[in-house]
Amino acid sequence: MRLEDAARPTFARHETFHPRYGWFRKAFDAATENSEAFTDPDATVELGVGKNMVRAIRFWGLAAKLIEDDPNSANKRAPGVIPTEFGRMLFDTDTGWDPYMEDPGTLWLLHWKLLSPRCLLPVWWVAFNEFHAVEFDVEELELACSGGIDAASSWQSPHPSSLRKDVTALMRTFAPAERTSRTSIDDILDCPLRELGLITRSQATGRHRFAIGTKPTLPSAIAAYSVLDYIAFTDPGANTVLLSRMADEAGAPGRAFRLTESELAETLRPAVEFLADGDLSLASPAGAAQLAWNGEPSKLAASMLDRYFKADFDTARAQMTAIPLSAGVS
């Protein structure tokens, strides 16, 4: 997938704030109660944060596809927002899958939504999909993202300060916290996606690196949902996909989760065996591992999450235990 197809040319709209605990749910709740919640003169009072944070919460809600611009808003320059169908399915207080973000899989789901098309974080998209350095520092990542955006799109180049803000937000979101004299305890603790461990530090060199390999906290159902969600956008009429494509293609879940083909197969197998009701299968015709399904990928993806989140917690976790790589793909 090309950057121009995957993302929108938006930069530094988060007001330098990385996503904080509670902001995803706060964005959804605010849009549910009042479509003008973020443009209301009393927004800072209603949301209990400063003006810049009001805009940041709105942005992260939009970026995670929990809310969207209201097509009926009278103000086209600063439109109101409404909950998306995905937002309601996840966070609705009465019927939502995980309204209080108690399931660790929800963080992986939100991570996927932040990077999935159409992404509002093109700098992040380039970092996860086009940046291949084993180890890096922030300056190298910034330079690579700048070059990647210039090479892969016809967009006007973002201002260097905007690109730097997006890279800084990325590192604050995913990288291990660094204590400095200007870092508050809230900055260190209040970042949910850091728990995913997607960016680590090399003990030998102290440099950053993306964590390649099986992710023990990534539920199989979330990985399967992401594959189907991606196919629903790129090839909605398909009923099979090669796992090599899902692992290697720019924009696909393998890049977002940093999984190889064999690791993706390992991660998907429990969902196929326990949650798909026969509508999803793994096979290796002619030696090429592929995922196959019955029906529309978007509907099957939603059904997969519905079964996962509504399953008995202990039973579901036992079923989601990864199968060793030696088991292979049947």
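Which helix gives the most to the lining of the largest pocket? In this predicted model, that element is helix 11, with five residues.

## Largest pocket

The largest pocket holds about 700 Å³ of space. Its lining consists of 26 residues, and those closest to the pocket centre are K65, E68, T84, K113 and P117. Two or more lining residues come from each of strand 1 (67-69), helix 5 (85-91), helix 11 (220-234) and helix 15 (297-310).

By residue class, the lining of the largest pocket comprises twelve nonpolar, ten charged and four polar residues.

## Packing of helix 8 and helix 9

Two packed helices are described by the angle between their axes and the distance between the axes. For helix 8 (residues 138-152) and helix 9 (residues 160-174), the axes come within 10 Å and cross at roughly 125 degrees. Helix 8 is therefore oblique to helix 9, since angles of 65 to 115 degrees count as roughly perpendicular and those over 145 as roughly antiparallel. The crossing of the two helices is right-handed.

## Residues at the helix contact

On the side of helix 8, the contact is made by V138, L141, E142, C145, S146 and I149. Helix 9 contributes P160, L163, R164, V167, L170 and M171. In the contact of helix 8 with helix 9, nine residues are nonpolar, two are charged and one is polar.

Conventions
Residues numbered from 1 in each chain as written. Predicted model: local features only at pLDDT ≥ 70, side-chain atom pairs only at ≥ 80, totals over all residues. Heavy atoms only, no water. 1 Å grid on protein atoms, 1.4 Å probe; cavity = no way out; pocket = protein on both sides within 12 Å on 5 of 7 lines; lining within 4 Å. Points joined across faces, edges and corners; volume = space filled by probe spheres on them. Helix = DSSP H or I, 4+ residues; strand = E, 2+ residues; numbered from the N terminus. Nonpolar A, V, L, I, M, F, W, Y, C, P; charged D, E, K, R; others polar. Axes fitted to C-alpha atoms, helices over the stretch in contact; angles between N-to-C directions. Parallel < 35°, antiparallel > 145°, perpendicular 65-115°, else oblique. Left-handed = near helix turned anticlockwise from the far one by under 90°. Contact = heavy atoms within 4.5 Å.
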